Amino acid sequence: MRRWQSLAAAVTASLFLAAAASAVFLVETTTLRQSSLPKPLDERARAVVRATGAAAIPARLRAADGALLEGTVFIPMDQPVGAVILFHGLGDDRTGMLWPAELFLQAGFVTLTPDLRAHGASGGDRLTFGFLEARDAAAWAEWMTRRFHPQRIFAMGHSLGAAVALQALQFTDRFDAVIAEAPFSDFPQIAGEHIEEMAGIPKAGWLGRPIAELAFLWTRLRFQFDLSLASPLNAVKNSQSPVLLIHGARDETIPVEHSRRLRDANPAKVQLWEVPDGHNNDLPRVAGPAYKATLTEWFRSFLPRDPS
């Protein structure tokens, strides 16, 4: 009997170590540099300029760790009413946020579209799912303040960019409101869920999360960043900035439960719009005209009222 117990324990330990090794490989590969953008302003950005009459200028920022971050800032024709910073998703670059950039330009906002670190033209060898990017986002808010002195600064992000915008609330009070589209609530949780998905078991996080945490220990020792601290949930709990979460009810990449946890962590400041039949990348199409109207109207609701 003891022999079988010892064998079972050995097999269990071997499977756990194998899963942990796979998790280390997964984390190593997913933190590697993602997209590249050789031209600072491509044809899609020029189309936004033509459609809105805006001016487009390069934006550059040196991050605290020395990485050079790149972006494009669009300045509307008329007197700006405020400023918006748009953060793209994983594996994308600033051009992925050009459609909301055009929308906000038409509404009168100075609009910045940066490349996240390790994406596009920005420097940085590895992405950190918000551990460093949140600090970068806070630095961009300071950059916008120095350059344009807007009365209000807002942030919007998609997926990873949404998680970055939320985590930035720990490092700056510049963001007067945030729109977060399909964010994860906590990186250890979403990493654990994806490990479970790879193993072919239901995504709940309870089994995959400890394996992910072990892989994070490896990245902390090797690269000196702690992925276990990448947590929009912790940022939102004590934030006083209003947050609008938008999440597809059928999102399989980042399940809507992540946004529900974020809302429940601070219901006084966080609202959630669940889009029926919405997935991760189709929310504007599925939600229809109400989607774009909601984005601009929600930010406008936090602008100073005209005394006249």
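Is F104 buried or exposed, judged by its relative accessibility? At 0% relative accessibility, F104 counts as buried, where buried means under 20% relative accessible area, exposed means over 50% and partly exposed covers the range in between, computed with a 1.4 Å probe on protein chains only. The model is a predicted one, in which local features need pLDDT of at least 70 and side-chain atom pairs count only at pLDDT 80 or more, whereas totals for chains, interfaces and linings use all residues. Residues are numbered from 1 along each chain as its sequence is written, and side-chain values use heavy atoms, with hydrogens and water left out.

The protein chain has 308 residues, of which 51% count as buried. Its secondary structure comes to 11 helices and 8 strands; helices (H or I, at least four residues) and strands (E, at least two) are DSSP runs numbered from the N terminus. Among contacts between residues at least 6 apart in sequence, 73% join residues at least 24 apart, a contact being heavy atoms within 4.5 Å.

Helix 5 (residues 160–167) is largely enclosed by the rest of the structure, because 8 of its 8 residues are buried. These residues are L160, G161, A162, A163, V164, A165, L166 and Q167. V164 also belongs to the lining of the largest cavity, and Q167 is in contact with L229.

The structure holds 14 aromatic pairs. Rings of Phe, Tyr and Trp (its six-membered ring) pair if their centres lie within 6.5 Å; planes under 30 degrees apart count as stacked, over 60 as edge-to-face and the rest as tilted. F104 and F109 form an edge-to-face pair, with 5.9 Å from centre to centre and 90 degrees between the planes. F109, like F104, is buried, at 0% relative accessibility. The pair of F223 and F225 is stacked, because the ring centres are 5.9 Å apart and the planes lie at 15 degrees. F225 counts as buried at 5% relative accessibility. Ring pairs also link F104, F109, F154, W298, F299 and F302 into a cluster.

A charge lies over another ring: R135 is placed over the face of F131, at 4.8 Å from the ring centre. The criterion is that NZ of Lys or CZ of Arg is within 6 Å of the ring centre and within 35 degrees of the ring normal. F131 is in turn one of the residues in contact with L229, when neighbours of L229 within four places in sequence are left aside. L229 is found in the loop between helix 7 (208–223) and helix 8 (232–237) and counts as exposed, at 51% relative accessibility. L229 and F187 are 42 residues apart in sequence but 7.8 Å apart in space, C-alpha to C-alpha.

T52 has its place in helix 2 (residues 43–52) and counts as buried at 15% relative accessibility. Leaving aside neighbours within four places in sequence, T52 is in contact with M77, E102, L105 and Q106.

Grid points are joined across faces, edges and corners, and a volume is the space filled by probe spheres set on the points. The structure holds 2 cavities of 30 Å³ or more. About 60 Å³ of space lies in the largest cavity, which is lined by L69, F87, P114, D115, L116, R117, E133, D136, A137, W140 and V164. Helix 4 (residues 133–148) supplies the largest share of this lining, 4 residues. The lining residues divide into 7 nonpolar, no polar and 4 charged; Ala, Val, Leu, Ile, Met, Phe, Trp, Tyr, Cys and Pro count as nonpolar, Asp, Glu, Lys and Arg as charged, and the others, Gly among them, as polar.

The second largest pocket has a volume of about 290 Å³. Its lining, which includes F148, H149, P150 and R300, divides into 7 nonpolar, 4 polar and 1 charged residue. H149 lies in the loop between helix 4 and strand 5 (153–158) and is exposed, with a relative accessible area of 61%. Phi of H149 is near 50 degrees, a positive value in a residue other than glycine. Phi of F129 is likewise positive, near 55 degrees. F129 lies in the loop between strand 4 (109–114) and helix 4 and counts as buried, at 6% relative accessibility.

Note on methods
1 Å grid on protein atoms, 1.4 Å probe; cavity = no way out; pocket = protein on both sides within 12 Å on 5 of 7 lines; lining within 4 Å.
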